[in-house]
Each structure stands twice: as C-alpha cells, then as structure tokens.
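Work through the exercises below with the sequence and the model side by side. Each task is followed by a solution in steps.

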Amino acid sequence: MANDLKEIFSARPPAPAALAAKVRTLGPSMTRSMQLVAEAVAGDPAGCAALTVTGLAELTGTSEATVVRTSRLLGYPGYRDLRLALAGLAAQQQSGRSPAVTADIAVDDSIADVVTKLAYDEQQTLADTAASLDTTQLGAVVSAAVSARRIDIYGAGASSLVGMDLAQKLQRIGLIAYAHADPHLAVTNAVQLRSGDLAIAITHSGSTGDVIEPLRAAFDHGATTVAITGRPDSAVTQYADHVLTTSTARESELRPAAMSSRTSQLLVVDCVFIGVAQRTYETAAPALSASYEALAHRHSPRTPR
C-alpha cells in the first residue's frame, strides 16, 4: 500500500517555487559537491536552465553523476525534470508573478486553492513517510515501550507538541509516560533513567541541542533510546538505539520544515501508539474505556435546572 501511494504522489514533481526551500532544508545533509550544484540552481535558475548536465557539472566543478544525484535528492526524477522546473521558476521571476507564501501557495491564491494545495502536500508527506519507515525498527520501539518501566519524550517547538500527543495517548492506556518541553527538566529527568526505561527524542533536524542533551543522558544511564528524525545521519542518532525516519520531501517557504515535519512525526508516533495498544490490548482496551467514561459527562448536554 505504501509503495502504491508513493507511486501515485511521486507522479507530480515539486513545484518550481519549492526549489529554494528544498535547497535550504536539504543542504546540510548533502555532500559538498552536491551543495555546489544545489546552490547554483537556486541562485541562478535562468542561467542553469540553459545548461546541459555536462555544462552544469563544469560550472560547479563537479560531475554529471553528482548533478543527477542532486536533482533526485531535490525531488526530480532526473536532471531534465529539474531543468524544466528551473525554466519555470525563471519565467515566474521575470513575469512578476505573485510571491509565494509557501512552496506552492501564492499570496493571491484563493482559500479553496490553499486547501487543495496543502491537502496534497500533507498526503505526499504521509505517503513518503510510510514508504520509508523501517518497520523492523518500529517493531523494536513498540517492544521497548511495552516493557518500559517509564517512557520519557523530548522535543522542542513543534516537535514538543508531537511529544505531548504521544505521551497523553500512552497515559490513556495505562503506561507511565512524560513529555518534557522544558530542556532543564528533560535533562534532570533523563539522568534518573535506567535500563528498562525508554527515552524518545523527536527532532526534524536531528541537531537540536535541547533534545540531544537529554537523550544522551538517558543513553549514558542505560535507557533504551529512540530518535524520530528527518535526518538519519544527524547528531541525535549517535545516542539512539533505534531510529525512525520521517519525510523531508515537502518544505514550506513560510516556515521551512515546520508543517511537513509535524505531519510526518504525528504519523510515526501514531504507529508507535497503535503498535503498543495492539500488544497490550487486554489492559489497553479497559483503560481506554475507563478514561472515556471518566470524561463522558463533560461531553453530554447539561440538563436545565
């Protein structure tokens, strides 16, 4: 199913306006030679659109293979497709078209267009994340959560909201879970963890110090550690026993990575939660029922006095 979704959504290459955002977001994970190619096409789309793959390789002092690899990393099937996007971007710049608010959304787009474009990007993010998620690693994380004495979750900014979502879900099925948004509390709690505990770090970039520090402390004290990140080769993974990778394909000009990363992170933590609920069904089902009943009166119409 994931592969089918990937084929459906990969049929449409990224919009030209997404290129600059992609270069900014993916640049740190590229090799230096690939960065040279990416910076060149983002800096002079019109000039690069006029170049063959050989010409761009010569301009950047790289190789044709590097140009093709960079094109694919930026979301295009090959250099020909990237070249067409560059020509489109150059035409937009020359025509004075309305500036983009996000990768695909212009300032003067109708609200209906905004809904359609954002829905497409959300679907693409989910499809990409599902296709790349390592189910073996996911299964190991579920097993660690099921047997954990305690689960600590670390995140900053939008990732902290995802962490709180996971914590409250786990709490409702009877697990002891805490989401730490305060970096000081995260570290002071992390040093209390031991073997048999679980620590989960959520960071799209994989380089957020306030998230890495508590995960490292948990790792050093023997807890099982997990990183949920869009950068599987980033610093946070050095202290992770298990890595769950999120999609980095759809970024935003308005706020790079914030929207797409949150969507993909929520999918991953939902997969973790459902896996745990399946494994603990005999206790999870009554716990969910009890929590629902405890709150039912708050959702019922009040009887007039």
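**Exercise 1: helix α9**

Describe the length of helix α9 and the placement of its buried and exposed residues.

Step 1. Helix α9 covers residues 135-147, 13 residues in total, and spans 18 Å from first to last C-alpha, close to the 18 Å expected at 1.5 Å a residue. The expected span is 1.5 Å times one less than the number of residues. Helices (H or I, at least four residues) and strands (E, at least two) are DSSP runs numbered from the N terminus. The model is predicted: local features need pLDDT of at least 70 and side-chain atom pairs pLDDT 80 or more, while totals for chains, interfaces and linings use all residues. Residues are numbered from 1 along each chain as its sequence is written, and side-chain values use heavy atoms, without hydrogens and water.

Step 2. The buried residues of α9 are Leu-138, Val-141, Val-142, Ala-144 and Ala-145. Viewed down the axis of α9, they fall within an arc of 165 degrees, so they line one face of the helix. The arc is taken over directions from the helix axis to the C-beta atoms. Buried means under 20% relative accessible area, exposed over 50%, and partly exposed in between (1.4 Å probe, protein chains only).

Step 3. Thr-136 and Ser-147 are exposed, on the face of α9 turned away from its buried side. At the start of α9, the backbone nitrogen of Thr-136 has a side-chain oxygen of Asp-134 within 2.9 Å.

**Exercise 2: the largest nonpolar core**

Step 1. A nonpolar core is a set of buried Ala, Val, Leu, Ile, Met, Phe, Trp, Tyr and Cys residues joined through side-chain atoms within 4.5 Å. The largest has 29 residues, of which Ile-151, Leu-170, Leu-198, Ile-200, Ile-228, Leu-244 and Val-276 touch the most other members.

Step 2. Two or more residues come from each of α9, β1 (151-155), α10 (158-172), β3 (198-202), β4 (224-229) and α13. The most come from α13, which gives six.

Step 3. Another core lies apart from this one; it has 19 residues, including Met-34, Leu-74, Tyr-79 and Leu-86.

**Exercise 3: helix α6 and the whole chain**

Where do the buried residues of α6 lie around its axis, and what are the totals for the chain?

Step 1. In α6 (residues 64-73), Thr-66, Val-67, Thr-70 and Ser-71 are buried. Down the axis of α6 they fall within an arc of 140 degrees, so they line one face of the helix. Gly-75, which follows α6, has a positive phi near 105 degrees.

Step 2. The chain has 14 helices and five strands. Of its 305 residues, 45% count as buried. Among contacts between residues at least 6 apart in sequence, 72% join residues at least 24 apart.

Note on methods: A polar contact is a pair of N or O atoms within 3.5 Å; within protein, one must be able to donate a hydrogen and the other to accept it, and residues adjacent in sequence count only if both atoms are side-chain atoms. Contact means heavy atoms within 4.5 Å.
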